[in-house]
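Hello,

Here is the structure I promised to hand over. My notes follow below it.

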Amino acid sequence: MPDSGTIKPNIPKQDLPANATLTVCIFRVGQRLYCLPAASVEYVYPYCEITPVPHEAESIEGVINLRGSIVPVIDMGMKCEQRPLERDPAHKLLVARVGSHRIALHVEGVMDVIDVEAGGWEETDAILPGIQVLTGIIKYQDGLALLYDPEHFFDTELAEREHAQKK
């Protein structure tokens with residue numbers, strides 16, 4: 001258990017020290033805000049040419065060459081709102097690490113990286129029990145941002161990638 005400072009979002013709030021904070025990266029898809037733990041985000045990359053590839057998961061937009069590494073791109077419009085995002089040069093690729101995998105998330109904009117005190121978020125289990133892909137709901141400005149657990153949220157895309165690598 002952490003003693004202070006930044007915490008992981010999967011630790012129950014009652015087990016956290018009073019001064020603990022959760023650092024998140026908030027991004028926009030459509031009119032809604034979403035976030036990931038900032039520790040899983042490597043950097044924000046400008047939207048670029050994406051090479052389509054055959055795949056089973058509708059949310060996989062294709063792949064990019066990111067500094068010599070081939071990285072899958074996940075269309076967060078499909079993932080979060082069941083509609084593909086337009087290909088817009090103003091959009092961003094949020095490059096994240098999920099376990100041993102690197103993925104790029106196509107988002108419409110990256111809003112902020114913030115530290116959230118324990119009172120600034122609610123655990124999802126307390127509100128919507130059984131939803132494993134969500135860790136919590138962040139109170140952000142005048143609205144809310146859904147905090148995703150990257151280890152669970154990208155299961156479909158990463159399972160397909162691991163299956164392809166085993167062939």
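Start with the contacts, meaning heavy atoms within 4.5 Å. Of those in the chain with a separation of 6 or more, 56% are between residues 24 or more positions apart.

Two points on method. This is a predicted model, with residues numbered from 1 along each chain as its sequence is written; local features need pLDDT of at least 70. Side-chain atom pairs count only at pLDDT 80 or more, totals for chains, interfaces and linings use all residues, and side-chain values use heavy atoms, with hydrogens and water left out.

**Overall**

The chain has 4 helices and 11 strands. These are DSSP runs, numbered from the N terminus: helices are H or I with at least four residues, strands are E with at least two. There are 167 residues, and 49% of them are buried. Buried means under 20% relative accessible area, with a 1.4 Å probe and protein chains only. The exposed surface comes to about 9000 Å². Carbon and sulfur atoms supply 50% of that. Areas come from the Shrake-Rupley method with a 1.4 Å probe; for residues, only the protein chains shown count as cover.

**The cores**

In soluble globular proteins, nonpolar side chains tend to be buried together. A nonpolar core here is a set of buried Ala, Val, Leu, Ile, Met, Phe, Trp, Tyr and Cys residues joined through side-chain atoms within 4.5 Å. The largest has 21 residues. Phe27, Leu36, Met76, Ile103, Leu105 and Phe154 touch the most other members. Elements giving two or more residues are β1 (21-29), β2 (32-37), α1 (76-81), β6 (92-98) and β7 (101-107).

Take Phe154. Leaving out residues up to four places away in sequence, Phe154 touches Leu36, Ile74, Met76, Lys79, Val98, Ile103 and Leu105.

Asp149 sits in the loop between β11 (143-148) and α3 (150-153). Asp149 is buried, at 15% relative accessible area. Its side chain reaches the backbone nitrogen of Glu151 at 3.0 Å. The Asp149 side chain also makes a polar contact with the side chain of His152, at 2.8 Å. (A polar contact is a pair of N or O atoms within 3.5 Å; within protein, one must be able to donate a hydrogen and the other to accept it, and residues adjacent in sequence count only if both atoms are side-chain atoms.) Beyond neighbours within four places in sequence, Asp149 is in contact with Gln132, Val133 and Thr135.

Leu147 is in strand β11. Its relative accessible area is 0%, so Leu147 counts as buried. Leu147 and Leu33 are 114 residues apart in sequence, yet 9.2 Å apart in space, C-alpha to C-alpha.

Best wishes

Note on methods
Buried < 20%, exposed > 50% of the residue type's maximum accessible area, 1.4 Å probe, protein only.
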